[in-house]
Amino acid sequence: MTSDIISPKELSQMDPVFGQASFDDHEQIVFCNDKDTGLKAIIGIHNTVLGPALGGTRMWKYANEWEALNDVLRLSRGMTFKSAITGLNLGGGKAVIIGDAKTDKTPELMSRFGEFVNSLGGKYITAEDVGMTTEDMDIVRNVTPYVTGISESKGGAGNPSPITAYGVFMGMKAAAKFQYGSDVLEDKNIYVQGIGHVGEALVEHLVNEGANVTIADINQERLEEVRSKYGVTIYGGSDIYSEPMDIYAPCALGATINDKTINRLKAKIVAGAANNQLEEENRHGKILQERGIVYAPDFLINAGGIINVYAELENYDKQEIMRKTENIYNTTLEILDNAKVNNITTHTAALNIARERIETRKRENSK
């Protein structure tokens, strides 16, 4: 028997949850463990003032559990503001499953995860995210009604990725309108980093618009596939941030705008699908502002996915999904103008609007 168990005193000094920098008055953090299936998951519920916490489940091979916790805290917080600024009656939540989606995911594991979701009684509603598919959500649906993004054949809205990409495209065009005076992306040099389902769908929109698209991804096979399909250029350099470009579109994991990259960045616009693109929201948002780089807030322009899955709860059709997603263009322009007039960062401008909606609802609920 070993004696390397952390003592309660040492654990309290670590402040493992409440002391995390990404902890932002979250309502509930649920740790899920199942020995038989190998499931290790964390569900983060940030805020439910506007409605039940909705947010996707991400499966990722995290370096350690602290990294997974930090991710679920940041992602669930972002979902709160994403729903608020988009006008949806939803709170913010997210889940992460620790593991390799290619080798560790099984139907049994997904089913067990669904049972944990079900135990929360609807306070958290899950959906598809990185490492997940519509088919995975169908398995979860077998054990709980608190899931969206299921197959259209089962009455769901289907894969949210194309709608997410369309929202990013709308936000990007709005940012171009603000920065260049025109939202036409033809001949603009755009670098898309991360060619997953959303990244590829965004590439299709950009190519159809006549943009010069360069793609980057850690998966070489995926790069070749997308190049062959759309005739785009694969980035072959070692420092994408230093490349001359009009628009940088991060569409993989977050925090690519950080101390190591921000001063090398030559783009005039940052507009992508990734969550939490700024490693330090206030400081890095300010640096972008000072450098004249327009940042389209990620939790706004990537909201098409949640609009899509929300349709399952509110029973509206594809036409209404597209209308709401297209309105991201107008909201983005309003926020960029607001930031300029008030001399604040675009991230702060968007956050202020989202927080005000939450506070207004909180006051209404307390009457």
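This is a predicted model: local features need pLDDT of at least 70, side-chain atom pairs count only at pLDDT 80 or more; totals for chains, interfaces and linings use all residues.
User: Where is His347, and which residues does it contact?

Analyst: His347 sits in helix 13. Leave aside its neighbours within four places in sequence. His347 is then in contact with Glu281, Tyr295, Pro297 and Phe299.

User: Which loop holds Asn343?

Analyst: Asn343 lies in the loop between helix 12 (328–342) and helix 13 (346–366).

User: Is Asn343 buried or exposed?

Analyst: Exposed means over 50%. Asn343 has 56% relative accessibility, so it counts as exposed.

User: How do I read the backbone angle there?

Analyst: Begin with the general rule. Most residues other than glycine have a negative phi. Now the case here. Asn343 has a positive phi of about 50°, although it is not a glycine.

User: What is the phi of Asn276?

Analyst: The phi of Asn276 is positive, about 50°, and Asn276 is not a glycine either. Asn276 belongs to the loop between strand 11 (269–270) and helix 8 (281–290). Asn276 is buried, with a relative accessible area of 11%. Asn343, by contrast, counts as exposed.

User: Now a strand residue. Where is Ile45, and what does it touch?

Analyst: Ile45 is part of strand 2 (residues 39–47). Ile45 has a relative accessible area of 0%, so it is buried. Ile45 then touches His26, Glu27, Gln28, Ala53, Gly92, Gly93, Leu120, Lys123 and Tyr124.

User: How far is Ile45 from Glu279 in sequence and in space?

Analyst: They are 234 residues apart in sequence. In space they are 21 Å apart, C-alpha to C-alpha.

User: How should I read a nonpolar core?

Analyst: The general idea: in soluble globular proteins, nonpolar side chains tend to be buried together. In this chain the largest nonpolar core has 67 residues. Those with the most contacts inside it are Met172, Val192, Leu202, Val203, Leu206 and Ile215.

User: Which helix gives the most to this core?

Analyst: Helix 5 (residues 161–180) does, with 10 residues.

User: What does Leu202 touch?

Analyst: Leu202 touches Ala165, Val168, Phe169, Met172, Ala249 and Cys251, not counting residues up to four places away in sequence. A second, separate core has 22 residues, including Ile43, Ala53, Leu109 and Met110.

User: Step back to the whole chain. How many helices and strands are there?

Analyst: There are 13 helices and 12 strands.

User: How does the radius of gyration of the chain compare with that of a compact globule?

Analyst: With 367 residues, a compact globule would have a radius of gyration near 21 Å. The chain has 20 Å, which agrees. Its C-alpha atoms fill a box of roughly 60 × 50 × 50 Å along the principal axes.

User: What share of the contacts joins residues at least 24 apart?

Analyst: Take the contacts between residues at least 6 apart in sequence. Of these, 66% join residues at least 24 apart.

User: Last one: how many charged side chains are positive and how many negative?

Analyst: The chain has 38 positive and 50 negative side chains. The centres of the two sets lie 4 Å apart.

Definitions and conventions:
Residues are numbered from 1 along each chain as its sequence is written. Side-chain values use heavy atoms; hydrogens and water are left out. Helices (H or I, at least four residues) and strands (E, at least two) are DSSP runs, numbered from the N terminus. The radius of gyration is taken over C-alpha atoms; the globule rule is 2.2 Å times the number of residues to the power 0.38. Contact means heavy atoms within 4.5 Å. Lys and Arg count as positive and Asp and Glu as negative; His and the chain ends are not counted. The place of a charge is taken as NZ of Lys, CZ of Arg, CG of Asp or CD of Glu. A nonpolar core is a set of buried Ala, Val, Leu, Ile, Met, Phe, Trp, Tyr and Cys residues joined through side-chain atoms within 4.5 Å. Buried means under 20% relative accessible area, exposed over 50%, partly exposed in between (1.4 Å probe, protein chains only).
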